[in-house]
Each structure stands twice: as C-alpha cells, then as structure tokens.
Amino acid sequence: MPSLVVIKLALLASIAAGISVGLLAWRERPKPGSVPLVLLMAAQSWWSAALIFQVQAASLEAKLFFIDVSWVGVTLLPVAWLLFVLEYGGYNEYTTRRHVAGIMLVPAITIFLVLTNDYHQLVYRGLEIIERNGATMVSRTPAVWFWVIAAYTYLLGLLGLIPMLDLVTSQVRSFRNQSVALLLGLFAPLVTNLLFLFGYLPTAGIDPTPVAFTVSGTACLFALTRFELFGSSPTPIRHARRALYKQMQEGAIVLDTHDTVVDMNDEAASVLQTTREEALGRNLNDVSPDLLSIGGSAGNHVFNPPKNTRSYDVSESQLTDIHDRTIGRIITLHDISDLFRMQQRLEVLHRVFRHNIRTNIQVILGHAGHLATHNSQQKADILKQNAIEIEETGEKVRNIIDVFEEGRKDRENLRLHAILRECVDATARSYPDVTVEYDPGPEDIVVDSLFDIVCSNVIENAAQHNSSSEPWVRVGVEPGEETVTVQVADNGPGIESHELALVEEGTETPLKHGSGFGLALTAWGADIAGGSVAFESDSSGTCVTLEMPVAGRR
C-alpha cells in the first residue's frame with residue numbers, strides 16, 4: 001500500500017485539478033455542458049476532500065462520519081457526468097427537469113439510506129478496523145444497496161460513454177481530440193474503482209478512486225485548454241440535422257457560436273467548391289469569407305460564389321436547444337439562378353423593347369406631319385419601314401416570351417439533324433439569294449426541342465442580315481460524347497459591339513441600347529435548354545457556335 005503522504009498528495013492534486021477545471025468551466029456559462037462539468041469537478045473534489053479528512057481523523061466516529069459525507073460526491077459524480085455528456089453531445093431533450101429528477105432519484109435514496117444505515121444496514125453490514133503502518137483504517141462490509149448504487153453508477157457511466165464513442169469517430173478533429181481526452185478522464189477512476197471493488201488493490205479498505213481523479217482533472221484541463229472544449233462544440237449537430245432533412249434540396253451549413261463549421265450537406269459543399277471533410281471543423285471565414293459576411297448582414301442576401309455562374313439566396317436561422325440557449329446557427333443556400341436570370345432578362349427585354357418602340361414611334365410622328373402636307377413617297381416609305389420594324393420587334397419579343405414559357409415546361413427531345421434540315425430548307429426558301437450550305441453530322445443525335453427555336457433563329461438571322469454581294473451561310477455539326485457543337489458562319493457585315501453587349505453583359509444602361517433581339521433569343525434559349533453560345537464577329541462575317549448537351553441517340 002502506498003504511504004499516506006503519497007495518497008494525500010495525490011488527493012490534493014486531484015482537488016487542485018478539479019477546482020481549476022471547475023473555474024474554467026464556470027466562466028463558459030451558459031454554454032452547453034459547462035454547468036454539469038462544474039458539478040462533476042465539484043463532486044470529485046468533494047470525494048477527494050472527504051477521503052483526506054477520513055485518513056486524518058483520529059477517532060472512529062470521525063472516520064465513519066467522513067465516509068458517510070463522501071457519498072454526496074460519490075452519488076453526484078455519475079449524474080454530473082451523464083448530464084455533461086448529454087449537453088455536450090446535443091442530447092438536450094434528456095436534460096429537462098423531469099429527466100434530471102428521475103436520474104437523481106436513486107442517488108437521493110442512497111444518501112438517505114447511508115445516513116440511516118444503523119437502522120436497516122442496507123448499505124453496510126459491518127466494519128473492520130485495520131492497523132497499517134501506524135495508521136488506523138476502517139473497512140466497511142458492503143450490503144445489498146451498496147451494490148445497487150454501484151450498478152447504477154456504472155450504468156450512468158456507460159450511458160454517457162455511448163455519445164462519447166460516437167464522437168471519437170467524428171470527422172471534426174477537435175471533437176475527436178476532446179472526446180478522447182474526456183474518455184481518458186472517465187476510464188482512469190472507472191478502472192481504479194473496479195479493481196478496488198474486486199479486491200485487486202491492497203489499500204486496507206480505502207477506496208483509491210479519488211486518487212485517480214488526478215488523471216481525470218488533468219485530462220479535462222487538457223480538453224479545455226488544448227482542444228477548446230467549449231470553443232468548438234458538437235452540440236448543434238443533432239439539433240440541426242432535423243432541420244437539414246427538411247431542406248435537403250438546399251445547401252445547408254451548421255455553425256456553432258464561434259462560426260465553426262460543424263456540419264454541412266453535400267449541396268452546400270458543392271456550392272462552396274469544397275468537401276465536407278475539408279470544411280468541417282474550420283471557421284467559415286476560412287472556408288468562404290464572402291458567405292460569412294453575407295450571412296451576418298442585414299441587407300444583401302444574394303451569394304455569388306467565385307468561379308461559379310449560379311446565384312444563391314442566403315438565409316440564416318438561429319439554432320437553440322431545449323433550454324432556449326443559442327448554440328449555433330444554420331445558413332441555407334437556395335439556388336435562385338433561374339429566377340435571377342429571368343428577372344435580369346425581363347429587365348433587359350423591357351428596356352430594349354421600350355427604346356426600340358419609342359424610337360420607331362418618334363420617327364413615324366416626325367414624318368407623319370410632313371407627309372400630311374407634302375406628297376412624299378420617301379416619307380411614306382420611311383413610315384412603312386418603321387411600322388414593319390415595330391411589327392418585327394413585337395414578333396421577336398413574342399418569340400422570346402415563348403422561349404421563356406417553354407423553359408418552364410417538360411419538353412420532348414428531337415433529332416438534331418431533323419431540326420437543322422428543316423431550318424436550312426426554310427431559310428433557303430425565304431432568302432433565295434443567299435447560298436445556304438449544310439454539312440450534316442450523325443443523324444441519330446437527339447437534343448432538347450428548345451434548340452429548334454434557337455437554331456432557326458440563328459440560321460435565319462445569318463441570312464436576313466447578310467448584305468454581302470454574294471451572301472452565304474454555312475451550317476456544320478461536330479459531335480462529341482456528351483455534347484454536340486453546331487456552327488453557323490456567314491460572310492455578312494458582322495455584329496456591332498453594342499449588340500453583343502446585350503447578351504454578353506446581360507444588362508443595359510439607358511445610354512447603351514441594343515436592337516439584337518435575335519441575339520437575346522439565341523443566348524437565352526440556349527442557356528435555358530442547358531447549352532451555351534459563343535459569338536465571333538468582325539467585318540468579314542460572323543460565326544455563332546452553339547454547344548448542346550446530347551440527350552440521347554435514336
């Protein structure tokens with residue numbers, strides 16, 4: 001048996017560690033787990049202090065008194081441990097007053113039976129006085145209730161062990177480190193107590209479990225200071241998952257109160273161009289500083305990820321536990337790209353349409369007065385031309401609206417060869433002076449039917465606006481595994497830069513209006529159908545490249 005001096009020093013060390021951890025945990029209130037950890041450290045310190053006084057006591061009555069007093073710490077210890085694990089792991093629904101009262105029932109009965117043991121001997125059946133190394137020790141014989149409270153203590157310990165073992169395999173490194181340290185603090189007194197109960201430790205009746213609290217306190221102190229026990233907490237995870245199930249089509253990111261990413265779904269990882277493994281355990285400022293600033297702002301809630309053409313509406317909700325304590329927040333990312341683009345396109349469409357109609361009407365009004373007093377064929381032709389332009393503008397706007405409507409419907413797929421063959425033949429009939437050449441690719445490629453409108457518009461525009469002395473239009477197809485490319489080239493005058501701005505920049509200012517509704521129809525229609533379009537234009541002609549996803553072959 002170790003000397004009493006060594007035992008006392010170890011007990012004092014365990015008390016010092018317990019007080020240190022308790023003070024640090026008290027400063028972290030009201031974070032989940034902080035108060036139960038204070039109670040846990042108080043219980044182990046109480047037990048250690050009672051053992052010191054027991055060893056120091058000179059009389060038998062005093063020794064028995066401090067043995068009885070130690071039961072306060074003995075019974076409170078497993079309760080505090082379980083409550084700490086439940087709050088730390090996010091199982092706060094089991095820490096209500098009703099549940100705590102139920103957990104405390106057996107310890108309360110134990111304290112009562114200990115104080116009244118002389119009348120029933122349910123806790124102890126007798127005692128033995130042992131003289132060892134000049135010191136008097138008291139060994140008491142356990143009775144039936146002693147084994148009941150022992151079994152209950154280990155039951156609570158094992159119940160608290162389950163969530164901790166789950167965190168050992170967590171993808172968040174800090175949670176793994178914290179749980180390992182806490183489990184080390186649990187196993188040290190647990191193993192010591194088991195060895196004592198089964199008589200494997202020569203301690204002359206003294207329960208050496210409080211001595212092992214030195215290891216427990218040190219482990220908890222390490223978890224607090226080195227692994228930031230309350231700096232990054234897994235508490236929000238379970239509460240957030242219930243909300244995440246309802247938002248699986250949206251990106252969702254779960255943060256604790258320090259903006260540490262504790263969970264996220266795959267959609268959010270894709271939006272942020274990262275993986276769950278890389279993001280978990282890191283501060284959101286390191287993962288996506290732009291998103292962090294938007295999430296905490298009161299105004300702009302649209303997030304445009306770098307190197308990404310999509311737009312997301314950012315919403316934030318506070319995450320609270322059953323005690324109404326804020327334990328984190330959830331940031332959700334709702335893809336509004338289609339809505340955002342549609343709004344942008346309608347704004348452009350409105351501006352250009354209004355500008356073009358207003359321009360034509362002003363020309364008509366300006367020449368109508370002159371024509372009323374002068375019989376001028378030239379003025380009449382100008383009026384007619386502007387009226388035709390108004391009609392064409394209305395028709396083009398109607399076609400664009402039709403494309404928007406088609407984009408909202410379930411569409412069928414058509415053979416690309418059939419689409420292009422029909423468009424080429426129709427253009428050749430409408431513009432007989434233009435040479436239209438078609439180099440067909442594979443005839444079994446199937447694409448979205450919306451490309452019928454897009455291709456028809458591109459080929460027709462290439463012929464309609466070709467003012468060359470020998471105009472021609474060439475249509476070619478280059479097949480690929482997942483996409484097919486259609487190129488429409490002409491030798492016309494090219495497209496002016498301000499016309500291309502309509503589709504390349506997507507917006508206009510009042511001083512920069514385009515008339516290229518055909519370009520808008522091409523670009524927007526291709527995008528809605530899942531493809532893309534590129535324009536190469538100069539004074540020698542224009543080449544429009546359409547890239548379309550292959551929907552199949554037939």
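Pro-30 sits in the loop between α1 (4-27) and α2, and a cis peptide bond ties it to Arg-29, with omega at about 0°. Bear in mind that what you're looking at is a predicted model.

- As background, most residues other than glycine have a negative phi, and most peptide bonds are trans.
- The peptide bond between Arg-29 and Pro-30 is cis instead.
- Gln-121 is worth a look too: its phi is near 50°, a positive value in a residue other than glycine.
- You'll find Gln-121 in the loop between α5 (117-120) and β1.

**The largest pocket**

- The largest pocket holds about 1,000 Å³ of space.
- It's lined by 42 residues, and the ones closest to its centre are Trp-47, Val-74, Asn-193, Asp-207 and Thr-209.
- Helices α2 (34-56), α3 (60-88), α6 (144-168), α7 (173-197) and α8 (209-225) each put at least two residues into the lining, and so do strands β1 (124-132) and β2 (135-142).
- Which element gives the most to this lining? That's α7, with eight residues.
- Sorted by class, the lining has 27 nonpolar, twelve polar and three charged residues.

**How α7 packs against α8**

- Two packed helices are described by the angle between their axes and the distance between the axes.
- For α7 and α8, the angle is about 175° and the axes are 8 Å apart.
- The two helices are therefore roughly antiparallel to each other.
- On the α7 side, the contact is made by Ala-181, Leu-182, Leu-184, Gly-185, Ala-188, Pro-189, Thr-192 and Asn-193.
- Facing them from α8 are Thr-209, Ala-212, Phe-213, Val-215, Ser-216, Ala-219, Cys-220 and Ala-223.
- This contact counts eleven nonpolar and five polar residues, with no charged ones.
- Two of the names here turn up again at the pocket: Asn-193 and Thr-209 are among the residues closest to its centre.

**How α7 packs against α3**

- The axes of α3 and α7 come within 13 Å and cross at roughly 175°.
- That angle makes α3 roughly antiparallel to α7.
- From α3, the contact uses Trp-81, Phe-84 and Tyr-88, while α7 brings Phe-175, Gln-178, Ser-179, Leu-182 and Leu-186.
- Six nonpolar and two polar residues make up this contact, and no charged residue takes part.
- Leu-182 of α7 is in the contact with α3, and Leu-182 is also in the contact with α8.

**The five-stranded sheet**

- Strands of a sheet pair through backbone hydrogen bonds, either parallel or antiparallel.
- Here, five strands make an open sheet in the order β4-β3-β7-β6-β5, with antiparallel pairing.

**Strand pairings of β10**

- β10 (residues 445-448) is joined to β8 (residues 413-415) by three bridges, and the two run antiparallel.
- In that pair, Leu-414 stands opposite Val-447 of β10.
- β10 also pairs with β15 (residues 552-553), through two bridges and again antiparallel.
- There, Ile-445 stands opposite Arg-553 in β15.

Note on methods. Residues numbered from 1 in each chain as written. Predicted model: local features only at pLDDT ≥ 70, side-chain atom pairs only at ≥ 80, totals over all residues. Heavy atoms only, no water. 1 Å grid on protein atoms, 1.4 Å probe; cavity = no way out; pocket = protein on both sides within 12 Å on 5 of 7 lines; lining within 4 Å. Points joined across faces, edges and corners; volume = space filled by probe spheres on them. Helix = DSSP H or I, 4+ residues; strand = E, 2+ residues; numbered from the N terminus. Nonpolar A, V, L, I, M, F, W, Y, C, P; charged D, E, K, R; others polar. Axes fitted to C-alpha atoms, helices over the stretch in contact; angles between N-to-C directions. Parallel < 35°, antiparallel > 145°, perpendicular 65-115°, else oblique. Contact = heavy atoms within 4.5 Å. Pairing = 2+ DSSP bridges.
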